[in-house]
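Please walk me through this structure, from the layout of its chains to the surroundings of its ligands.

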Amino acid sequence: MRVLRLHPEKCTGCLRCELACSYEQTGAFQPAKSVIRVSPFEGHTSYAPYTCTQCAEGWCMTACPVGAITINAAGAKDVLDDTCVGCKLCTIACPYGTMFYDPATRKAFKCNLCGGAPACAEACPTAAITYEETATADWLGDFARERTARVLTGVS
Amino acid sequence: MATRHLIIGGGTAGINAIRTIREEEREHSEITLVSAEPPYSRMVLPYYLDRSIAESHVFTATARVLAGWGVKTHLGRRAAALDPKAGTCTLDDGTAVPYDDCLIATGSSPVRAPVPGADGPRVHSFWTLDEARGVLAGIARGSHVVMVGAGFIAFTILNSILSLGARLTIVEMEPRILPRMIDGTGAGLVEAWLETHGVAIRTGARLARIEDAKGRKRLRFAAGGDLTCDLVIMATGIKTNLDWLKGSGVSVNRGVVVDDRLRSSADNVYAAGDVAEGRDLISGEPAVHAIEPTAQEHGRIAGANMAGRDVRYRGSLIINIVEVCHLDVASFGAWDDPKAEAASGVRADRPAYRKLLWRGDRLTGAIILGPSGDIWTTNDVGMLKGLVQSGAPLGAWKAHLKKNPFDVKLAFIASGITKALLPETILGRPAKAPGDTPVAV
Ligand SMILES: Cc1cc2nc3c(=O)[nH]c(=O)nc-3n(C[C@H](O)[C@H](O)[C@H](O)COP(=O)(O)OP(=O)(O)OC[C@H]3O[C@@H](n4cnc5c(N)ncnc54)[C@H](O)[C@@H]3O)c2cc1C
Ligand code: SF4
Ligand code: SF4
């Protein structure tokens, strides 16, 4: 299956992915609704995007008491709005912290790979997000470990 | 002859087991379901109560779906006795159902405070669909509702009661609310939050009796003034549905004792969900975890093993989340472990509280409180679950998190928790979507 591959060393923190994501998902430019989120590292000298891994277990999907999370044609775990009751069980079940909840609509939402044409990958000017046929992986761990050494030793 | 599987109880655990049997079996088997109630999810009842969904939305498998899965049903019938030696289950109408293997998934039932008047009119439990119908019919705009008990289940219906336009008073025997879900500091914050949202709370209140008072209800207490209201909800605890197993020879403790394949002490008898006492992931000790995710995981593991696979269960993790008046309240794992090393933090500018508990450099429990609109609250809820579930050693990140309990994401990403978790699945293979259960041929 094709997944979002993240290349943190290429991310400049321009946040275009967040804008593109929210626009594709909600029809408005509102980064607060983006399901890909850019984090700063080392006092904003480097950045990395973070989103759902489309993990094999799909803890969000198996936890949902009403079967509101399914697998779409792109292979992504996807929330069916009409079925979701807003109980939040998926938000606590996903161990990666990549479920979201909208208090206005009382629905959960998440990355659904835009049904097979992810807007974030298209919007990223530095190809820090690519949509590739590869196994999902921990794209950020090593990068983050390096960039946080100083936070941990208290030097920064 | 096809294997005959018998599922006793069609709640969360039972239905997950049936779906998994159909997903895993090599040869089509016979599945029979005996259930006192039709299959539905109890935890969806709060959304039926606030009228945001229709009653039909609570069902997890309709008669048509069950027929599609090739399941024979005895709905509205109770299992009354089990004879594992003979391989039969006797129902309350005397029918004997033979089986090759069976799953005990009879869940739990609500318990009312043992006071005079507890069974009177307009005093309800909130556990079954029938009870939810009764409560919905009994609440009108402006009604005064008294909730007896301030535990997790009471809190799951708090928003619904308020959204129906009722006034709510919560009374709790313990000196604080949510005594089995969060610590005293968290409870204090939630209590203050609810009071600013118009909910009256009386803790340390021992209910003595419930009387009728001119068409209304009057609650009398061991000390302190009476309360008069229109409807009483008793959320005073639950007990596992084990009584019918007397004489069966199946070992029970607080629940049906099961091993890491969800097998009971009796041959070919499995147990899952609220009724089972399985392994706690954190302590490794036997425990009854009466929560939805445990029922789902138990049901799937039991179903896979009944279908002929050999799947071990790693143990279940207590995770609870509830939203009250736009405040998220969640706890994980061993949040009340007195031997753990703990660190906590409160935000002065908004209702936010964190407590992290450690054994060595592993996170073994956590409590989190925060506004439900905060993205970082929602995301940290998941990451805290991941930290506890993975049991990964956090090394130097432990000191960082102890100092900065609000900086979960950095610690999560940099300590490679994603890498540790990605290979983990419950059944040793990718999960199937809910609609992908194979239908009978
Ligand atoms: C209002 C409410 C809100 C909740 N909210 C949450 C939540 O937010 N998060 C969470 O994790 N959990 C929540 N829960 C708890 C969750 O619903 C239970 O843990 C879960 O339903 C357990 O599943 P189970 O299959 O073990 O039992 P159940 O779902 O209770 O199913 C048991 C089935 O067995 C049947 N049965 C009982 N005795 C017999 C018998 N002798 N013969 C045949 N059938 C029998 C019952 O009728 C029922 O169909 C909530 C519960 C309630 C009531
Ligand atoms: S939201 Fe979380 S649990 Fe669901 S597929 Fe993505 S990573 Fe897995
Ligand atoms: S919030 Fe919606 S999608 Fe998530 S578990 Fe509840 S019903 Fe399912």
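How far apart do the C-alpha centres of domain 1 of chain B and domain 3 of chain B lie? They lie 33 Å apart, in a chain that is divided into domain 1 (4-109 + 239-316), domain 2 (123-236) and domain 3 (326-421), with bounds that come from an automatic or database domain assignment.

Before going further, please note that this is a predicted model, in which local features need pLDDT of at least 70 and side-chain atom pairs count only at pLDDT 80 or more, while totals for chains, interfaces and linings use all residues. Residues are numbered from 1 along each chain as its sequence is written, chains are lettered from A and ligands numbered from 1 in the order in which they are written, and side-chain values use heavy atoms, with hydrogens and water left out.

Chain A is divided into domain 1 (1-51 + 112-156) and domain 2 (55-110). The contact between these domains (heavy atoms within 4.5 Å) takes 12 residues from domain 1 of chain A and 12 residues from domain 2 of chain A, and their C-alpha centres lie 20 Å apart. The area buried between the two domains, that is, the accessible area (1.4 Å probe) that two parts lose on being put together, summed over both, is about 970 Å², with 64% of it given by carbon and sulfur atoms.

Across this interface the rule finds 1 salt bridge, a term that stands for a side-chain nitrogen of Lys or Arg within 4 Å of a carboxyl oxygen of Asp or Glu. The side chains of A:Lys33 and A:Asp102 meet in a salt bridge at 3.6 Å, N to O. On the side of domain 1 of chain A that touches domain 2 of chain A, the residues comprise 5 nonpolar, 5 polar and 2 charged ones, where Ala, Val, Leu, Ile, Met, Phe, Trp, Tyr, Cys and Pro count as nonpolar, Asp, Glu, Lys and Arg as charged, and the others, Gly among them, as polar.

Between the chains, 59 residues of chain B are in contact with 49 residues of chain A, and the two chains bury about 4,200 Å² between them, 66% of it on carbon and sulfur atoms. The count between chain B and chain A is 4 salt bridges; the side chains of A:Glu57 and B:Arg300 also meet in a salt bridge, at 2.9 Å, N to O.

Turning to the ligands, 32 residues are around ligand 1 (a heavy atom within 4 Å), of which B:Ala13, B:Glu37, B:Arg42, B:Ala79 and B:Asp274 come nearest. An oxygen atom of ligand 1 is 2.8 Å from a polar backbone atom of B:Ala13, and an oxygen atom of the ligand is 2.8 Å from an N or O atom in the side chain of B:Asp274. A backbone N or O atom of B:Ala79 lies 2.8 Å from a nitrogen atom of ligand 1.

The residues around ligand 2 belong to chain A and include A:Cys52, A:Cys55, A:Cys60 and A:Cys94, as well as A:Trp59 and A:Lys77. By class, this shell has 7 nonpolar, 3 polar and 2 charged residues. Ligand 3 is surrounded by 13 residues, the closest being A:Cys64, A:Cys84, A:Cys87, A:Lys88 and A:Cys90, and its shell has 11 nonpolar, 1 polar and 1 charged residues.

Terms used:
Polar contact = N/O pair within 3.5 Å; in protein donor to acceptor, adjacent residues only side chain to side chain.
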